[in-house]
Amino acid sequence: MPQSLVIGNWKMHGSRAANQALVAALQQCLPVNGVQVVLCPPMLHIADVAAQLEDSPVLVGAQNLCAEAQQAGAYTGEVSAAQLADYGVRYVLVGHSERRALYHDNDDRVAQKFLQAQQAGLVPVLCVGEQLAEREAGQALAVITAQLQAVADKAGMAAFAAAVIAYEPVWAIGTGQTASPEQAQAVHAHIRQWLAADSAALAQQVPLLYGGSVNAGNAASLFLMADIDGALVGGASLKADEFCAICNAALE
Ligand code: PEP
């Protein structure tokens with residue numbers, strides 16, 4: 001892993017003008033050498049953001065993609081992986097917990113999206129994580145393993161070499177309740193071991209991000225953990241100063 005990775009997920013935030021202003025503000029403090037930064041604006045704003053970042057090492061990501069190939073049929077309202085790539089998108093979130101919960105992105109569809117992303121040359125950011133009740137029942141690691149295995153079954157373990165895994169406990173997303181560094185590290189170590197069972201080299205290669213109420217105050221302690229290689233940031237990615245502070249913490 002050459003450098004840390006910090007991804008901002010803007011969700012359905014912002015007007016066109018507001019998001020252009022956000023990019024402009026971020027450009028005052030980004031890039032941070034040694035940290036790969038990716039911004040995931042709303043789908044409609046991708047072209048604007050890509051144009052603003054044209055000469056920048058900061059990359060553009062998408063929050064979602066169609067599970068089917070562009071030529072496969074008629075899919076009103078969807079956006080294909082190939083279309084995202086055509087607009088300069090390099091990374092795409094798959095299996096974000098909001099999509100799993102609200103838009104029927106089950107394990108099979110998430111795996112399908114992962115495949116579609118890679119076939120178009122995009123890097124899938126596979127989001128996995130347990131619900132609070134699952135954690136309380138001692139099932140967190142089993143849930144995460146099953147989410148990973150569903151992708152491995154469809155895409156093969158080697159496919160993870162060109163992917164990112166983001167551990168996002170559902171109870172920590174948008175709640176202000178961050179997993180403690182030790183809780184996050186325990187899951188990251190488990191994911192690393194799951195990869196290492198296939199290949200030690202693969203396990204070292206795949207960036208493992210933590211997501212769930214990361215902010216400028218808690219980022220550094222999370223990044224100190226051995227198996228946390230970066231962050232997937234929602235709310236705090238909408239504030240330029242705070243997001244830049246997180247990116248700087250990823251370097252230290
Ligand atoms: C997210 O949207 O993936 C996320 C982690 O959100 P937040 O940082 O706001 O918890």
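The legends below describe close-up views of a predicted model. Residues are numbered from 1 along each chain as its sequence is written, and side-chain values use heavy atoms, with hydrogens and water left out. Because the model is predicted, local features need pLDDT of at least 70 and side-chain atom pairs count only at pLDDT 80 or more, whereas totals for chains, interfaces and linings use all residues.

**View 1. The largest pocket and its lining.** The largest pocket holds about 570 Å³ of space, a pocket being an open set of points on a 1 Å grid over the protein atoms alone where a 1.4 Å probe fits, with protein on both sides within 12 Å along at least five of seven lines. Its lining comprises 20 residues, among which Lys11, Met12, Gln63, Asn64 and Arg99 lie nearest the centre; lining residues have an atom within 4 Å of a point. Helix α4 (residues 97-102) gives the largest share of this lining, three residues. Sorted by class, the lining has ten nonpolar, six polar and four charged residues.

View 2. Helices here are DSSP runs of H or I with at least four residues, and strands are runs of E with at least two, numbered from the N terminus. The 13 residues of helix α5 (residues 107-119) should span 18 Å at 1.5 Å a residue, and the end C-alpha atoms are 18 Å apart, which agrees. Its buried residues (under 20% relative accessible area, 1.4 Å probe, protein chains only) are Val110, Ala111, Lys113, Phe114, Leu115, Gln116 and Ala117. Just after α5, glycine 121 takes a positive phi of about 85°.

**View 3. Strand β5 and its two parallel partners.** Five of the six residues of β5 are buried, so that the strand is mostly covered. β5 pairs with β4 in the parallel sense over four bridges, where pairing requires that DSSP finds at least two bridges between two strands; within β5, valine 125 is the bridge partner of leucine 93. Four bridges also join β5 to strand β6 (residues 164-167), again running parallel, and in β6 isoleucine 165 is the bridge partner of leucine 126.

**View 4. Glutamine 147 in helix α7.** Glutamine 147 counts as buried because its relative accessibility is 8%. Leaving aside residues up to four places away in sequence, glutamine 147 touches Arg100, Asp107, Val128 and Gly129, contact meaning heavy atoms within 4.5 Å.

Key:
Points joined across faces, edges and corners; volume = space filled by probe spheres on them. Nonpolar A, V, L, I, M, F, W, Y, C, P; charged D, E, K, R; others polar. Expected span 1.5 Å × (residues − 1). Buried < 20%, exposed > 50% of the residue type's maximum accessible area, 1.4 Å probe, protein only.
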